[in-house]
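Welcome, and please open your viewer. We will go from stop to stop, with something to select at each one.

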Protein chains: 2
Amino acid sequence: MTKNEAVKNGVIFPVGAKNEAFQKYFIGQSYLQGLVNDPVVNVNVGNVTFEPGCRNNWHIHHDGFQLLLVTGGEGWYQEAGKPARHLVPGDVVVTHDGVKHWHGATKDSWFEHIAITAGTPEWLEPVSDAEYNQLEVEK
Amino acid sequence: MTKNEAVKNGVIFPVGAKNEAFQKYFIGQSYLQGLVNDPVVNVNVGNVTFEPGCRNNWHIHHDGFQLLLVTGGEGWYQEAGKPARHLVPGDVVVTHDGVKHWHGATKDSWFEHIAITAGTPEWLEPVSDAEYNQLEVEK
């Protein structure tokens, strides 16, 4: 059963179009609505929506950071070498400069977050099915 | 009649406590929940909630900017010398470095936005009742 299907219609902010620019760095389908992209503002703000099972590759923000504000559904955030963190609406994630990490939906839920990003991303290897499928929400 | 009363309980993110630190720069009661306040991140993120009629003073962000992501209710944003902009959920506001502006609720509605802020604020005069009370939503 798919959870939080209403999230695919957007939570407050629009879902936007299929995230084609970044598709090669994701497993599964994501959607991207730009919210702030201004040449004199040093952060980019976007609304990112993930179908169930969708996640981005491991990646690093160099000379910057990333802030996630979770607005809908259920997802995961993981930094390399640490346990994955289960995310629900209202959760906030801070990723520091240079930290290898990934984020995405749970297997059975749509997921949406606002991403506030500074710096230059370096995209790395995908999160394998073996890594991803073993993630379990703690009861 | 007061509109959007449910906003006072928070939209996705918590309302937080009475915004006592900034009370002297506001007319009416606001509430502030910090979301990101990290020494190595050059923006501060907070959830700001305004009771009906509440607005902040005219102010300027120096050596920075402010981004507002509207999550609940109805409000106003105005830059000096320009007409006020009526805000509803899903609206996004970008305030550039050095621009004098204010934001707040409409007379009859609760209002909530996420604020992403960089730089140093300079707080100026209040938005007078004369200025504020003449604002009307265009039909």
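Begin by selecting A:Y25, which is partly exposed, with a relative accessible area of 23% (buried means under 20%, exposed over 50% and partly exposed in between, with a 1.4 Å probe and protein chains only). Before going further, a word on the ground rules: this is a predicted model, where local features need pLDDT of at least 70 and side-chain atom pairs count only at pLDDT 80 or more, while totals for chains, interfaces and linings use all residues. Residues are numbered from 1 along each chain as its sequence is written, chains are lettered from A and ligands numbered from 1 in the order in which they are written, and side-chain values use heavy atoms, with hydrogens and water left out.

**Stop 1: rings in chain A**

How many aromatic pairs does the structure hold over all chains? There are 16, where a pair means rings of Phe, Tyr or Trp (its six-membered ring) with centres within 6.5 Å; planes under 30 degrees apart count as stacked, over 60 as edge-to-face and the rest as tilted. A:F22 and A:Y25 form a tilted pair, with 6.5 Å from centre to centre and 55 degrees between the planes. Now widen the selection to A:F26, A:F50, A:F111 and A:W123: ring pairs link these residues with A:F22 and A:Y25 into a cluster.

**Stop 2: charges over rings**

Next, select A:R55 and A:Y132. The charged end of A:R55 sits over the ring of A:Y132, 4.1 Å from the ring centre. The rule here asks for NZ of Lys or CZ of Arg within 6 Å of the ring centre and within 35 degrees of the ring normal. For another example, show A:K100 and A:W58: A:K100 lies over the face of A:W58, at 5.5 Å from the ring centre.

**Stop 3: salt bridges**

Over all chains, the count comes to twelve salt bridges (a side-chain nitrogen of Lys or Arg within 4 Å of a carboxyl oxygen of Asp or Glu). Select A:K3 and A:E74, which form one of them, with the closest N and O atoms 3.1 Å apart. This pair links distant parts of the chain, 71 residues apart: A:K3 is in the segment before β1 (17–18) of chain A, and A:E74 is in the loop between β6 (59–73) and β7 (75–79) of chain A. Strands here are DSSP runs (E) of at least two residues and helices are DSSP runs (H or I) of at least four, numbered from the N terminus. Colour by accessibility and you will find A:K3 partly exposed at 27%, whereas A:E74 is buried at 14%.

The side chains of A:K3 and A:D108 meet in a salt bridge at 3.9 Å, N to O. Here the partners are 105 residues apart, with A:D108 in the loop between β10 (101–105) and β11 (111–123) of chain A. A:D108 is partly exposed, with a relative accessible area of 30%.

Now jump to chain B and pick B:K82 and B:E79, whose side chains meet in a salt bridge at 3.2 Å, N to O. B:K82 is partly exposed at 47%, and B:E79 counts as buried at 15%. Back in chain A, salt bridges that share partners join A:K3, A:E74 and A:D108 into one network.

**Stop 4: where the chains meet**

Show both chains. The contact takes 24 residues from chain B and 24 residues from chain A (contact means heavy atoms within 4.5 Å). Together the chains bury about 1,900 Å², 83% of it on carbon and sulfur atoms; buried area is the accessible area (1.4 Å probe) that two parts lose on being put together, summed over both. Select B:I12, B:F13 and B:L69: in chain B, these lose the most area to chain A, together 25% of what that side buries.

How many salt bridges does the rule find across the interface? It finds zero. There are two residue pairs in polar contact between chain B and chain A, both at pLDDT 80 or more (N or O atoms within 3.5 Å; within protein, one must be able to donate a hydrogen and the other to accept it, and residues adjacent in sequence count only if both atoms are side-chain atoms).

**Stop 5: two residues in β6 of chain B**

Select B:T71, in strand β6 of chain B. B:T71 counts as buried at 5%, and its contacts beyond four places in sequence include A:I12 and A:F13.

Finish on B:H61, also in strand β6 of chain B and buried at 4%. The B:H61 side chain makes a polar contact with the side chain of B:Q66 at 3.0 Å.
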